[in-house]
Amino acid sequence: NEKNVVPHYFLKEGDHVSVLEKKVSEKKETKPIPEFRVVFECVDYLVIDKPPGLVVHPAANTTAQTLVDQLLERYPELRQVGDDPLRPGIVHRLDKEASGAMVIAKTQSSFESLVRQFKLRQVKKQYHILTYGHVEPTEGVIDLPITRSKQQYTRRAAGRNDGRQAVTRYWVERFIGNTSLVRVQPETGR
C-alpha cells in the first residue's frame, strides 16, 4: 500500500505488498573479534560460551565476522543444519553485547527438537545484568509489550500497545555502589 509497516503487520485482503531485498554484506571487517569457547559437545549439539561483542548471525548491516562464520570454520557440516542458510545450527541467539551459553544443533533432528523445546518454553533461561541505579522493588515481574523503537530501528522499546508480549521475572542479587546486580528470567523469550 506504498507505506512501511511494522514487522508483525497482519495482511488484509486487497493489500499490495512490495519487498525490498537487502543483501548481506560479503565484505568482512578485519579487526579482531572475540571467539567463542566450547563448554560441552556431543554428537547432536554443542554448548558454547558466547563472548560479548560477537554478533550471532549475519544481517544486512553486519560487516564483522559473526559466530556463524566461526562455527562454520570449525564445523563445516553445520551448513546442512537448520532452516535458514544464514543461521546454520542456530536455535536461539544472544544480543551482540550479551555473553552467555548458547546451544548449537549439529544435526537436523536435534535442531528440530531444540527449536520445539524453545518454542514450548521448556528451556529456562536466566541472565545476570548490571543496571544503573538501585532497582526497587527488589523482585517482581515486568509485563510490558516490546517493539522496535521509533527513534532508533536497531533498538527495542517497551510499553507500546503494538508490541509483542514480554514477561520477565527479576530478583536483585545485591547493590554495588550506584548499580544493581539483577538476575532475570524471561518467561516469553523476549
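The chain exposes about 13400 Å², of which carbon and sulfur atoms supply 51%. The model is a predicted one, and the values below are computed from it. Buried residues make up 29% of the 190 residues in the chain, and the C-alpha atoms fill a box of roughly 50 × 45 × 35 Å along the principal axes.

**Fold and contacts**

- The chain holds 2 helices and 9 strands, and these elements follow one another along the sequence in the pattern β-β-α-β-α-β-β-β-β-β-β.
- Among the contacts in the chain with a separation of 6 or more, 54% are accounted for by residues 24 or more positions apart.
- S110 is placed in helix α2, which covers residues 108–119, and because its relative accessibility is 8%, below the 20% limit, S110 counts as buried.
- When residues up to four places away in sequence are left aside, S110 touches D44 and A105.

**Backbone details**

- A cis peptide bond, with omega of about -5°, joins E136 and P137, and P137 is found in the loop between β4 (127–132) and β5 (139–143).
- E2, although it is not a glycine, has a positive phi of about 60°; this residue belongs to the segment before β1 (37–41), and E2 is exposed, with a relative accessible area of 86%.
- R121 likewise is not a glycine and has a positive phi of about 60°; R121 lies in the loop between α2 and β4, where its relative accessibility of 41% makes it partly exposed.

**Charges and the positive patch**

- The chain carries 30 positive and 24 negative side chains, and the centres of the two sets lie 3 Å apart.
- On the surface, R121, K124, R156, R164 and R190 gather in a patch of positive charge.

**Salt bridges**

- A search of the whole structure finds 6 salt bridges, and three of them are described here, beginning with the one in which the side chains of E35 and R74 meet at 3.9 Å, N to O.
- E35 lies in the segment before β1 and R74 in helix α1 (residues 67–74), so this pair ties together parts that are 39 residues apart in sequence.
- E35 is exposed, with a relative accessible area of 58%, whereas R74 is partly exposed, with a relative accessible area of 42%.
- R169 forms a salt bridge with E187, in which the closest N and O atoms are 3.3 Å apart.
- Since R169 lies in strand β8 and E187 in the segment after β9 (179–186), the pair ties together parts that are 18 residues apart in sequence.
- R169 counts as partly exposed at 36% relative accessibility, and E187 is partly exposed as well, with a relative accessible area of 27%.
- The side chains of R183 and E173 meet in a salt bridge at 2.8 Å, N to O.
- R183 lies in strand β9 and E173 in strand β8, so the pair ties together parts that are 10 residues apart in sequence.
- R183 counts as partly exposed at 23% relative accessibility, and E173 counts as partly exposed at 38%.

Definitions and conventions
Residues numbered from 1 in each chain as written. Predicted model: local features only at pLDDT ≥ 70, side-chain atom pairs only at ≥ 80, totals over all residues. Heavy atoms only, no water. Patch = residues over 30% accessible without salt bridge, like charges linked within 9 Å, V, L, I, M, F, W, Y side chains within 5 Å. Areas by Shrake-Rupley, 256 points an atom, 1.4 Å probe, with all protein chains shown as cover. Salt bridge = Lys/Arg side-chain N within 4 Å of Asp/Glu carboxyl O. Lys, Arg positive; Asp, Glu negative; His and termini not counted. Charge placed at Lys NZ, Arg CZ, Asp CG, Glu CD. Helix = DSSP H or I, 4+ residues; strand = E, 2+ residues; numbered from the N terminus. Buried < 20%, exposed > 50% of the residue type's maximum accessible area, 1.4 Å probe, protein only. Contact = heavy atoms within 4.5 Å.
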